[in-house]
Amino acid sequence: MSFKQKDFSACTSILVGKKATADGSTLIARNEDAKSAWPKHLVVHPHQEFEEPQTFVSPDNGFTITLPQVSGKYTATPEWTSKFGIFEEDGINEYGVAMSATESAYANERVLGADPLVKKGIGEEAMVTVTLPYIHSAREGVAYLGHIVEKYGASETNGVLFSDQDEVWYMEIATGHYWVAQRIPDDAYAVVANQLAIQNIDFTDSTNYMYAQGIAAFVQENDLSVSHNEFNFRKIFGTQELSDEIYSTPRVWYGQKYLTPTIKQEPMSEELPFIQRAQRLLHNDDLEYILGSHFQGTAYDPLNSTDLHSSKRFRPISLAKTQESHILQLRPNLPPEISGLHWLALGVTAQSIFVPFYAGMTDTHPAYKEGTATYSFSSAYWRYKLLGVLVDAHYKRFGPELTALQKELRILFKKRIRQNDLQAQTLPPEKLATFLTTASTANAQLGLDKVDKLTAQLITAATELSPLNFQTDENL
């Protein structure tokens, strides 16, 4: 069925295996880039058991599916209104599984001509809602969502991130019914930016690859192959156009340049590898840096480069249209409630703060459940956005103060996590959820208090920067 293609969100994703991190965590992370002023909330959906199967109907395109009767507890970041879709985007469930959806991408005309997108198939706005509450491992998440795509069809070309304490998977849905997924090697990472990224598929390796039934036959029967020797999903299903080289590949290039600085690659290269190895063990801070980056240290930096042409040449990772940025961390040797940390930065990543929330919490800070289309102080999203707006107006002057606050809060949150982890592990099960909820709410309040204080200081300082300010000559 043919239909008008939507305006997709444009995100950047990072996935890291457990042996590539300093503490053995698995990490999946993404900037949700869509609109410059469109609030996100943070919610916790409780565990629910129904006597009868429930029916989900998408408010976006009418996609309809019958859901299992048992729905696990999970965190999520929906939009402030469901009028245009739910867009829960990211979260961690009670079974210790994390999911982030989606990394919008594009398939080429050849494959879409053979298997068009389905108007009422599953899309980004529904994926977390109809998948995350019902899966018990990252691998199961891929299979579960893959079954939905094959049965009901997909309305968009998308990438989806899954993780548990052991495995990290990246899944790409290219056409109406065909998808593949690859396990990120434990000692590796991947950076993805609005392109189909997965390369060669090994159909004999079920440990590291999953795919839609009949995908090899589909490619062969429709004469879609680009090589006699390999099944390169990116080249068969994806696009390789000038727009990719300006919009997408430079972000992958910069992420790999930061984590693996000895490699020499070009920002417009269509041959950047999907899987890459870092030259050191990775921490949350590394992902925060990349998600908040804008080509620092290169001529392509729109904030600091003196080369006006180069500074506007490529689309940076941190963008004014970012609604929220998340890092979903699953730490080893801890129960799911304590292991999972849902790090959330509201608004523009470069101007925001990643606040840690425990997956085991049962509720969130009131300010994270507030916010509509126009500014309100009661909303955490809008308070972070206000700080960014103030810094934007005088970036050279106010930027260092924002950087200092980000550093201060990173230190404070690391300290709190260490203290809370130790205390949480001593508590009986009946007291754990309350403790984790209180600790998460306190983290959120600390961030808001510090942001409000800096906002007040910047508003006061900005009064001296008005173009109507006038210095009187004392000799007059």
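Arg-277 is partly exposed, with a relative accessible area of 39%; partly exposed lies between buried (under 20% relative accessible area) and exposed (over 50%), using a 1.4 Å probe and protein chains only. This is a predicted model, in which local features need pLDDT of at least 70 and side-chain atom pairs pLDDT 80 or more, while totals for chains, interfaces and linings use all residues. Residues are numbered from 1 along each chain as its sequence is written, and side-chain values use heavy atoms, without hydrogens and water.

Arg-277 sits in the loop between helix H7 (249-259) and helix H8 (284-291). Helices (H or I, at least four residues) and strands (E, at least two) are DSSP runs numbered from the N terminus. Beyond four places in sequence, the contacts of Arg-277 (heavy atoms within 4.5 Å) include Pro-185 and Thr-260.

## The bridge to Asp-187

Asp-187 and Arg-277 form a salt bridge, with their closest N and O atoms 3.1 Å apart. A salt bridge is a side-chain nitrogen of Lys or Arg within 4 Å of a carboxyl oxygen of Asp or Glu. Asp-187 lies in the loop between strands S13 (179-183) and S14 (189-192) and Arg-277 in the loop between H7 and H8, so the pair ties together parts 90 residues apart in sequence. Asp-187 is also partly exposed, at 39%.

## Other salt bridges

The structure holds 16 salt bridges. One of them joins the side chains of Glu-32 and Lys-40 (3.1 Å, N to O). Glu-32 is buried at 1% relative accessibility, and Lys-40 is buried with a relative accessible area of 1%.
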